Amino acid sequence: MRAVFLDKQTFSSAIDFSAIEQQVTQLVCYANTSPTEVIARCLDADIIITNKVQLTAEILSALPNVNLICISATGYNNVDIEAASHLNIAVTNVSGYAGQSVAQYVFAQLLEYYQQTSHHNRNTEQGLWSTNDTFCYHGNSISELAGKTLGIIGYGSLGKAVADIAQAFNMKVLISERPQASTIREERVSFEQVIEQADIISLHCPQTPETQNFINDNVLSRMKNTAVLVNTARGALIDESALLNALKTKEIAYAILDVLTQEPPSADHILLNNKLSNLKITAHIAWASREAQQRLIELLSQNILAFAQGERLNRLD
């Protein structure tokens with residue numbers, strides 16, 4: 001089986017790909033692949049591995065040799081699953097590899113915000129402690145996570161990993177039911193209760209037609225004005241114009257974003273271009289601990305092996 005990896009650069013250079021190489025006769029890797037390059041690069045391939053490269057119905061119909069698409073991510077909105085199924089192309093994804101990495105990111109950011117670690121380090125570096133009259137120099141106030149209410153929207157492996165750590169901090173955890181759900185599942189609360197009661201809201205749900213821009217003006221206006229919004233899922237879950245307005249008007253206190261609607265974003269992106277003090281943005285790296293990336297590669301290799309043996313593992317079609 002000949003495999004082509006279309007966007008290897010989505011992984012760091014330290015990651016070992018030998019687990020995949022052991023399952024195929026040849027692995028050809030490209031750093032990135034533009035839409036116009038996909039067909040030529042995949043024409044002789046049996047297997048396509050893609051993280052974010054789009055595989056449309058038109059592209060797939062031009063690739064008669066492809067019989068397996070391995071998405072090197074949990075989200076699969078970059079592949080036309082219906083078209084792949086019609087063409088008898090198997091499609092797999094991976095999940096469960098980044099729970100600890102994402103949870104660590106969420107709490108690293110929350111601890112930075114509530115503990116003000118960088119601010120207090122800078123105070124000492126600038127000599128403010130040395131010239132102070134008392135044994136401590138207070139600077140910005142510090143607030144405990146204990147007792148705060150964390151609302152989790154999207155309770156898969158990532159949301160559960162965040163909830164586990166929150167409980168260790170003695171936080172109250174609210175697990176959200178889907179918006180506009182007619183019934184509330186056991187151990188969950190309504191979406192409305194979460195957005196109105198949570199001190200922190202952390203998004204871990206997939207991007208679907210139902211969730212696109214579901215964090216909008218209405219939702220933001222109903223959140224506490226002391227609330228913190230964290231998004232490590234997909235940028236399109238949030239109406240970015242509405243968020244910008246909510247941050248400017250202090251409708252909510254703070255936002256931590258690891259994802260944006262456009263990735264990579266343009267230099268004049270509305271959230272990057274405003275330099276708001278109550279907004280922190282990182283470059284889609286919450287998932288990307290070295291350990292999580294290596295686990296993902298191992299899961300990809302297992303998907304390929306299962307397919308070769310006629311088994312269905314992590315199939316989407």
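View 1. The domain assignment divides the chain into domain 1 (2-97 + 290-309) and domain 2 (98-281), with bounds that come from an automatic or database domain assignment. This is a predicted model, in which local features need pLDDT of at least 70 and side-chain atom pairs count only at pLDDT 80 or more, while totals for chains, interfaces and linings use all residues. Residues are numbered from 1 along each chain as its sequence is written, and side-chain values use heavy atoms, with hydrogens and water left out. The centres of domain 1 and domain 2, taken over C-alpha atoms, are separated by 32 Å, and the contact between them (heavy atoms within 4.5 Å) takes six residues from domain 1 and six residues from domain 2. Along the principal axes, the C-alpha atoms of the chain fill a box of roughly 75 × 50 × 40 Å.

**View 2. The largest nonpolar core.** A nonpolar core is a set of buried Ala, Val, Leu, Ile, Met, Phe, Trp, Tyr and Cys residues joined through side-chain atoms within 4.5 Å, where buried means under 20% relative accessible area, exposed means over 50%, and partly exposed lies in between (1.4 Å probe, protein chains only). The largest such core has 67 residues, and those with the most contacts inside it include I49, I69, F107 and I200. Helix 5 (residues 99-115) gives the largest share of this core, seven residues; helices (H or I, at least four residues) and strands (E, at least two) are DSSP runs, numbered from the N terminus. Because domain 1 and domain 2 both give residues to this core, it lies between them. In soluble globular proteins, nonpolar side chains tend to be buried together.

**View 3. The surroundings of I69.** Which residues is I69 in contact with, leaving aside its neighbours within four places in sequence? They are I48, T50, L55, L60, V79, I89, A90, V91 and T92. A second, separate core of 32 residues includes V219, L237, L243 and L257.

**View 4. Two residues with positive phi.** Most residues other than glycine have a negative phi, and most peptide bonds are trans. N88, in the loop between helix 4 (81-86) and strand 5 (90-92), has a phi near 60 degrees, which is a positive value in a residue other than glycine. H284, placed in the loop between strand 11 and helix 11 (290-308), also has a positive phi, near 50 degrees. Is each of these residues buried or exposed? N88 is exposed, with a relative accessible area of 68%, whereas H284 is buried, with a relative accessible area of 18%.

**View 5. The loop between strand 10 and strand 11.** P264 has its place in the loop between strand 10 (254-257) and strand 11 (279-281), and a cis peptide bond, with omega about -5 degrees, joins E263 and P264. T261 is also placed in the loop between strand 10 and strand 11, and T261 counts as partly exposed because its relative accessibility is 48%. Although T261 and A236 are 25 residues apart in sequence, they are 4.8 Å apart in space, C-alpha to C-alpha. Leaving aside neighbours within four places in sequence, T261 is in contact with G235, A236, I238 and E240.
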